[in-house]
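Hi,

Here is the model I promised to pass on.

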Amino acid sequence: MPRRPALAAAFGLGLLSALALPPVHAIPVLLLAVPGLLALLGAATSWRRAAGLGLAWGFGHNLGGLYWVTEALLTDPARWWWLVPLAAPALAAAMALYAVPPALAAWSLPPGWRRLAGFAGAWTLAEMLRGVLLTGFPWNPLGGVWAFAALPVQGAAVVGVHGLSLLTLLLAGLPALPDRRRAWLAGGTAALALAAFGAWRLSGPEPPGPPVRLVLVQAGVAQAEKWREDRRAAILRRYLDLTADAAARAAAGAPPGAALVVVWPETATQFLLAQDPDARRLAAGALPSGAARALLLAGTVRVDWGADGRPARLWNSLVALDAAGEVRAVYDKSRLVPFGEYMPLGGLLPIRIAAGGMDFGAGPGPVALAAPGLPPFGALICYEVIFPGAVAPAPRPAWLVNVTNDAWFGRSAGPWQHLAAARLRAVEEGLPLARAAQTGISAVFDARGRRLAALGIGETGTLAADLPAAGAPTPFARLGQAVPAALALATLGLACLRRRGRDGPAAGSDRAAPGSRRRWREGSPPPQGETMP
């Protein structure tokens, strides 16, 4: 295939592969997208062409998976109209660079299982590297395609989401193997084993949870109105009204002596709850007075004031307020969003999407918070929940709470992909997770990733659920990223081993020597020193 059509085909296959991601979960498209890329790589005549094919495939895959970043710009189109056609392609192009090493690994290996294993192992390592380089962006790992339900992702308790990515690519590449009958038999056996393991984990008895009743508040505040000064009081009133009604009903139906926990999403209102006693008094007043133990976990901006009365530092925080309006615990977000919460590269690029002229400060990292009457919990603000192996503090908490403002991304695929990450963290760590979002999707997952309750995108309301029990620490919770890293390295190493006596000097390629097909004709011996193509 000529160079340009090959690049176009690789881009199209990558774009097709994005349909396997949340919320579509059309996983069978990978059976075409992955073998198609491997076939294109097998026909590439140089490493440069192979790198270009990997870049094109990765660009299509990430453009289809990350198109929703444009939604954040459309909250203020008068200001950011010029960036709308550039943002998603620029981010997709940067993420596509991680597809180049796997493409080169596949190109350098012989066709068949070695090429597939080399590609899968290298892709998994690159995917893990993407989660740590330049502050990390582990969004949409391929293992997340299975997060449409609890059963397919139970393997994450052992190998993590990146281990699922490795298995996904190995299964998706089966049509590229010459002995397809044996390949499909092996793949079917692996898929059945994974399903059986998931069914076994989900069939185990569920221990009773602690006496805690959760109430998640989803106020449905559109991002375009969230920071308008004339909407300041009305938005707070909406949260207070929703809280008062739902908390009263939840307290009435809770067992005697149970704790009541109300959760508001990230930066729920414009009021600075950590520093504003009047706002705290109003927020605490929405909690039922008859509840023995009632707490409000609310996302808010926290400010450190300078001597001149101006803000000196800002934090994106979660505060725990008791029924008297006292601050009982504080968590400051540690992983900040570039261009949204801080300006990377020393502010060389004049792009600040979020309102305000100051960078947020970063907190110290995951910590186990203690509040009166509550089991210890770990707080995750916004996209902190997408980092596998980095969400559970030490000592190990009994549950996780994730507050987020997905209103930035409207009704796009972004909130669904964010929700899939939350489900995977619950399974990996063996911990229940409560997620409160401004416009959706709010949900409660148990320690095995089962969704117990949810409020969809665009819904305004509340949901109540009992806090599930924590599970025992999973193998992944104990060993972390070492497990998928070891599996990926072993897969890549196995693919690179040469078998002396069976692999000739040209075993690393299914490409004939340049010009050999033109010079040799069937029925005549090949020229001296040239092997038959």
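Two strands count as paired if DSSP finds at least two bridges between them, and strands here are DSSP runs of E, at least two residues long, numbered from the N terminus, with helices being runs of H or I of at least four. This is a predicted model, so local features need pLDDT of at least 70 and side-chain atom pairs pLDDT 80 or more, while totals for chains, interfaces and linings use all residues. Residues are numbered from 1 along each chain as its sequence is written, and side-chain values use heavy atoms, without hydrogens or water.

Start with β7. Strand β6 (residues 368–369) pairs with β7 in the antiparallel sense over two bridges, with Ala368 opposite Gly378. Strand β8 (residues 399–404) runs parallel to β7, joined by five bridges, and there Gly378 has Leu400 as its bridge partner.

Five of the five residues of β7 (residues 377–381) are buried, so the strand is largely enclosed by the rest of the structure; buried means under 20% relative accessible area with a 1.4 Å probe, protein chains only. Phe377, Ala379 and Ile381 cover one side, Gly378 and Leu380 the other.

Leaving aside neighbours within four places in sequence, its contacts (heavy atoms within 4.5 Å) include Phe377, Gly378, Ala379 and Leu380.

Helix α10 is worth a look too. Its buried residues, among them Ala183, Leu194 and Arg201, pack against α9 (156–172) and α14 (414–429).

Cheers

Technical notes
Buried means under 20% relative accessible area, exposed over 50%, partly exposed in between (1.4 Å probe, protein chains only).
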